[in-house]
Amino acid sequence: MYNEYDGKTYYPKYSEDLVHTEVMLPENAPKEYEDASILWNSVEMIEKSSDAQLARTYKVELPNEWSYELATEVMRDYVKRNFVDLGMCAQFAIHDSENEKTGQRNLHCHILLTMRSIDENGKWMAKQKKVYLTDENGERIPIIDKKTGVQKVDKQNRKQWKCKTIDTNDWNSRENAKKWRKDITDTINSVNQKMGMTENFWEYRSFKEQGLDIIPEIHLGEKASALEKAGIQEGDTVDIYGIEPLGRGAKLGDHAASLKYGTEGIMHGFNSIMLKDENGEPAPVYSVASGLDYPSSGPEHAFLQEIG
């Protein structure tokens with residue numbers, strides 16, 4: 001996908017196990033947003049702040065017994081009911097990876113959701129809006145200058161009123177996370193029951209919420225599992241070395257060594273170490289290696305450097 005923001009083309013990391021992907025839009029969204037490239041470039045270009053959150057991502061594990069057709073049908077319905085019908089633009093991608101040694105499948109779905117609502121004209125709306133506070137009579141409450149005892153005015157001599165900023169939609173509500181988890185669990189259980197898989201019951205509640213005195217297991221990712229198989233166990237001391245692209249030299253613009261020369265900042269929505277110009281914006285970088293010419297490091301690398 002070509003990114004208009006930085007002029008680069010990005011390729012999916014796990015395209016080889018991609019089963020299906022599609023973009024789903026609310027009724028008032030422009031038809032052209034069905035093209036994922038146009039949609040996500042529009043999402044990025046509408047934001048002005050360097051630390052703006054562009055999207056919300058959501059991963060769903062699916063039963064490995066499901067066919068690709070069933071998984072696509074179920075996820076399309078789930079995404080429509082929970083996100084698109086609320087006004088979000090959504091792209092979902094179903095993947096099915098397989099462990100080479102054990103043959104264990106991992107059918108799952110990634111969902112990418114927009115943060116801004118779209119108005120009736122197909123334009124992105126503001127994430128927040130100003131609402132005036134009112135008294136018991138429904139009248140706006142003036143801001144009183146404590147020194148003069150009269151209502152404050154701005155530089156254009158406009159009267160100032162008490163107000164607050166609220167979100168234009170409720171998509172950031174923490175209650176949504178539990179609601180969406182419950183819905184996907186209920187959906188999976190309903191489909192499994194119709195398939196006769198009644199013993200495969202999925203649960204969205206934590207052990208504590210279920211009243212169970214059980215210590216949750218720690219999920220081991222692919223890399224951690226590989227380390228264990230190689231004989232490296234939890235608690236073993238491991239030396240980690242970081243290598244950065246110095247490029248042509250130590251001058252800003254001649255390298256991409258953000259950990260060595262960068263400072264704390266926010267890049268693409270995450271807080272890490274980054275190279276900045278005199279205005280505090282991402283600085284130009286250089287590297288002979290394609291993909292390493294990036295002005296920031298991941299938060300994990302920044303954390304590892306911080307702890308030594």
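Predicted model: local features only at pLDDT ≥ 70, side-chain atom pairs only at ≥ 80, totals over all residues.
Residues are numbered from 1 along each chain as its sequence is written, and side-chain values use heavy atoms, without hydrogens and water.

Let's start with helix 1, residues 36-46. Ala36, Leu39, Trp40, Asn41, Ser42, Val43 and Glu44 are buried there, meaning under 20% relative accessible area with a 1.4 Å probe, protein chains only. Their cover includes strand 1 (2-3), strand 3 (18-24), strand 4, strand 5 (90-98) and strand 6 (105-114).

On a 1 Å grid over the protein atoms alone, a cavity is a set of points where a 1.4 Å probe fits but cannot get out, while a pocket is an open set with protein on both sides within 12 Å along at least five of seven lines; lining residues have an atom within 4 Å of a point.

| Space | Volume | Lining classes |
|---|---|---|
| Second largest pocket | about 290 Å³ | six nonpolar, one polar, four charged |
| Largest cavity | about 50 Å³ | five nonpolar, two polar, three charged |

The pocket lining includes Tyr58, Arg181 and Trp202; strand 4 (55-61) and helix 3 (175-194) each give two or more residues to this lining. Val43 of the buried set also lines the largest cavity, along with residues including Trp124 and Lys127.

Technical notes
Points joined across faces, edges and corners; volume = space filled by probe spheres on them. Helix = DSSP H or I, 4+ residues; strand = E, 2+ residues; numbered from the N terminus. Nonpolar A, V, L, I, M, F, W, Y, C, P; charged D, E, K, R; others polar. Buried < 20%, exposed > 50% of the residue type's maximum accessible area, 1.4 Å probe, protein only. Contact = heavy atoms within 4.5 Å.
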